[in-house]
Amino acid sequence: MTNATYQIKVVVTDKNVKCYLNNTLYVDYTIEEGTNAEAYQVVSEDENGDMIIKLVNVTGDSKIFAVDIKGSGALDSRGSVDIAVGRSMADDNILGRDEVVSMNTSEITGISSQFNFTTPPYSVIAIRLSKKS
């Protein structure tokens with residue numbers, strides 16, 4: 001939805017990751033023992049048919065994700081991007097303290113069936129792509 005405000009919440013407990021959008025659970029994933037991935041991605045569709053691409057970079061370096069959404073139907077070439085970025089894995093916004101994790105929303109353009117997206121270090125990204133009208 002254009003010009004809408006979304007609430008993004010990511011809860012990590014040990015090896016379990018839960019991702020919420022507007023208090024609705026979209027991802028509940030437990031990472032297998034012995035897995036030491038540096039980046040994670042999940043793609044889902046909401047009740048409106050919008051595609052939501054979630055990218056997580058748990059390292060101190062930028063990561064490039066190759067996104068392939070061929071076969072997803074006709075999507076708008078523009079979308080919205082919500083980004084939460086910290087400075088380390090230990091960063092957390094705590095009530096009454098200065099915020100250390102920044103949240104930003106922007107627009108992404110030039111979306112095609114295949115594109116690259118670079119994530120900053122220690123970031124969680126949600127890209128929302130709408131179906132063409």
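A: In this predicted model, E1, E2, E3, E4, E5, E7 and E10 each supply at least two residues of the lining of the largest pocket. The space in this pocket comes to about 1,200 Å³. Its lining consists of 37 residues, and those nearest the centre are Val10, Val11, Val12, Val56 and Val124. By class, the lining of the largest pocket contains 22 nonpolar, 9 polar and 6 charged residues. Strand E1 makes the greatest contribution to this lining, with 5 residues.

The strands named above can be followed through two sheets, beginning with the one that contains E1. This is an open sheet of 3 strands in the order E1-E2-E3, paired in the antiparallel sense. Its edges are formed by E1, residues 8-13, and E3, residues 24-30, each of which pairs on one side only. From one strand to the next, the twist of this sheet averages 15°. Strands of a sheet are held in such pairs through backbone hydrogen bonds, in either a parallel or an antiparallel manner.

Within the sheet, E1 pairs with E2, residues 16-21, through 6 bridges in the antiparallel sense. Valine 11, which is among the residues nearest the centre of the largest pocket, stands opposite lysine 18 of E2. E1 and E2 also form a hairpin with 2 residues between them, and in its turn aspartate 14 has a positive phi of about 55°. One further contact involves side chains: the charged end of lysine 9 sits over the ring of tyrosine 20, at 5.4 Å from the ring centre. Contacts between two aromatic rings, by contrast, are absent under the pairing rule applied, with a count of 0 aromatic pairs.

The pairing of E2 with E3 is likewise described by 6 bridges, and these two strands run antiparallel. In this pair, asparagine 16 stands opposite threonine 30 of E3. A hairpin joins E2 and E3 as well; it has 2 residues between the strands, and asparagine 22 takes a positive phi near 50°.

E4 and E5 are joined in the antiparallel sense over 7 bridges, and glutamate 45 stands opposite methionine 51 of E5. Of the strands in this order, E4, E5, E7 and E10 are among those that supply at least two residues each to the lining of the largest pocket.

The structure holds 1 cavity of 30 Å³ or more, and the volume of the largest cavity is about 150 Å³. This cavity is lined by 16 residues, of which Ile8, Leu21, Ile52, Lys54 and Ala126 are the closest to its centre. Two or more lining residues come from each of E1, E2, E5 (51-57), E7 (75-85) and E10 (123-131). E10 gives the most to this lining, with 5 residues, whereas E1 holds that position for the largest pocket.

Key
Residues numbered from 1 in each chain as written. Predicted model: local features only at pLDDT ≥ 70, side-chain atom pairs only at ≥ 80, totals over all residues. Heavy atoms only, no water. Pairing = 2+ DSSP bridges. Helix = DSSP H or I, 4+ residues; strand = E, 2+ residues; numbered from the N terminus. Axes fitted to C-alpha atoms, helices over the stretch in contact; angles between N-to-C directions. 1 Å grid on protein atoms, 1.4 Å probe; cavity = no way out; pocket = protein on both sides within 12 Å on 5 of 7 lines; lining within 4 Å. Points joined across faces, edges and corners; volume = space filled by probe spheres on them. Phe/Tyr/Trp six-rings, centres within 6.5 Å; stacked < 30°, edge-to-face > 60°. Lys NZ or Arg CZ within 6 Å of the ring centre and 35° of its normal. Nonpolar A, V, L, I, M, F, W, Y, C, P; charged D, E, K, R; others polar.
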